[in-house]
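User: I'd like to talk through this structure before I set anything up. Could you take me through it piece by piece?

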Amino acid sequence: MTVWDQLVGQRHAVKALQTAASGHGMSHAWLFTGPPGSGRSNAAIAFAAALECEQGGCGTCHECHTVLAGSHADVSVVRTQLLSISVKEVRDLVRRAALAPVGRRWQIMIVEDADRLTEQACNALLKAIEEPTDRTLWMLCAPSVDDVLPTIRSRCRLVTLSTPTTEDVAAFLTSTEGVGDALASYAARASQGHIGRAKALARDEATRNRRREIVSLPARLTTLGACMNASANLAEVAKEEADAITGDLDAAEKADLDMSYGVVERGRRPREYAPALAALDKAQKTRAKRRQLDVVDRGLMDLVSVYRDAISVGVGAQGALVNEEIRGDIEKIAASSTPELNLRRIGWIFEAREQMLEFNVPVALALDSMMVALKVPEGSSR
């Protein structure tokens, strides 16, 4: 087993990174791009492990284990559960980057979601990338090169990851999660190549049930009332899942804050406690909002998969559907519409996604508008 084994369906990228780790084509800054779930940050971390490892990423030595576990002294990772990465976080990273590595090899700085850097954070990062120290490496991760400032991406070597094939994902789930072939095949198709999503679907029945509920919505959008109910259900499911994910973390952070200010022991709150609690509350609300948007976004991609399947059925394309389990519903959608209409429906879903993610439109309002658009009256020319 090596550090590259977790990178599913990325043979070309792995080959290029292995070559660089061996000393050929090395750069002081790297930009990892690829669609959600392709493993951008996993690729960066695996590359970091290979660079710190004396054997180029054996996967068994102390260096590999600590990098993969997130505890290596010379590998720093910035990730955020908020809506953006602040300039303060980047400045802290830049200060660490200026230090000599503890070990004999590299000081490596990994920025996940580099597309979430604020403008000030980008400026702080640019200067550090322009003037790197001899033993410092920067690794940025983003969905595409267009999500990173041109001045930054021009100074980075690009590593492009692709969406893994269904066969690759299914084989990975079978070998690493120990699931049966049927479940692995379902999770691989339903995840549409998103490794994290595929793992969740393979492991958790509740996750599978939530997805089944979402992909069943298009066939039920027969009246205006059904559209409004579907919108409310999707928003509610997203909020419940987001709350389940963040609830325990919020409670743990509040307990840590109380302990650090001695609230439990003293039985009273010092003057500094109130502003610290307010800052924590603000950060938690921002994180909950992002988490809800992430869950809604995943639901929208599941809806897109239904209409893509309907297009495939409508044009007579060969091969298995993403949602093979509801082929009957998809055939009904295809029979009552046209491929052109279903393509426009996909466009309306992406419009709703943009409204929520880019223009801060309330989730409920964006979903209401989208669901009504998806239910096209008979005889309409839209």
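Analyst: Five bridges join strand S3 (residues 107–111) to strand S4 (residues 136–142), and the two run parallel; helices (H or I, at least four residues) and strands (E, at least two) are DSSP runs, numbered from the N terminus, and two strands pair if DSSP finds at least two bridges between them. This is a predicted model, in which local features need pLDDT of at least 70 and side-chain atom pairs count only at pLDDT 80 or more, while totals for chains, interfaces and linings use all residues. Residues are numbered from 1 along each chain as its sequence is written, and side-chain values use heavy atoms, with hydrogens and water left out.

User: Which residue in S4 is the bridge partner of Val 111?

Analyst: The partner of Val 111 in S4 is Leu 140.

User: And what is the strand order of the sheet?

Analyst: The sheet is open and has five strands in the order S2-S3-S4-S1-S5, with parallel pairing. Its edge strands, each pairing on one side only, are S2 (75–78) and S5 (157–160). On average, neighbouring strands are turned by 20° against each other, direction ignored, where axes are lines fitted to C-alpha atoms, for helices over the stretch in contact, and angles run from 0 to 180 degrees between N-to-C directions.

User: Which strands does helix H1 touch?

Analyst: Helix H1 (residues 11–21) packs on the sheet and touches strand S1 (29–33) and S5, its direction making about 145° with that of S5; contact here means heavy atoms within 4.5 Å. Helix H4 (residues 87–97) also packs on the sheet, touching S2, S3 and S4, and its direction makes about 165° with that of S3.

User: Switching to the hydrophobic side: how many residues does the largest nonpolar core have?

Analyst: That core has 37 residues, and those with the most contacts inside it are Leu 300, Leu 303, Leu 367, Met 370 and Met 371. A nonpolar core is a set of buried Ala, Val, Leu, Ile, Met, Phe, Trp, Tyr and Cys residues joined through side-chain atoms within 4.5 Å, with buried meaning under 20% relative accessible area, exposed over 50% and partly exposed in between (1.4 Å probe, protein chains only).

User: Which helix gives the most to it?

Analyst: H14 does, with 10 residues; the elements giving two or more residues include helix H14 (273–315), helix H12 (224–260) and helix H17 (363–374).

User: What does Met 370 touch?

Analyst: Leaving out residues up to four places away in sequence, Met 370 touches Leu 300, Leu 303, Trp 348, Ile 349 and Ala 352. There is also a second, separate core of 32 residues, which includes Leu 7, Val 14, Ala 50 and Cys 141.

User: New topic: where is Ser 144 found?

Analyst: Ser 144 is in the loop between S4 and helix H6 (150–153), and it is partly exposed, with a relative accessible area of 27%. Ser 144 and Glu 177 lie 33 residues apart in sequence and 29 Å apart in space, C-alpha to C-alpha.

User: What is the phi of Gln 192?

Analyst: Gln 192 has a positive phi of about 55°, although it is not a glycine. Most residues other than glycine have a negative phi. Gln 192 sits in the loop between helix H8 (181–191) and helix H9 (195–203). Asn 360, in the loop between H16 and H17, likewise has a positive phi, near 60°, and is a residue other than glycine.
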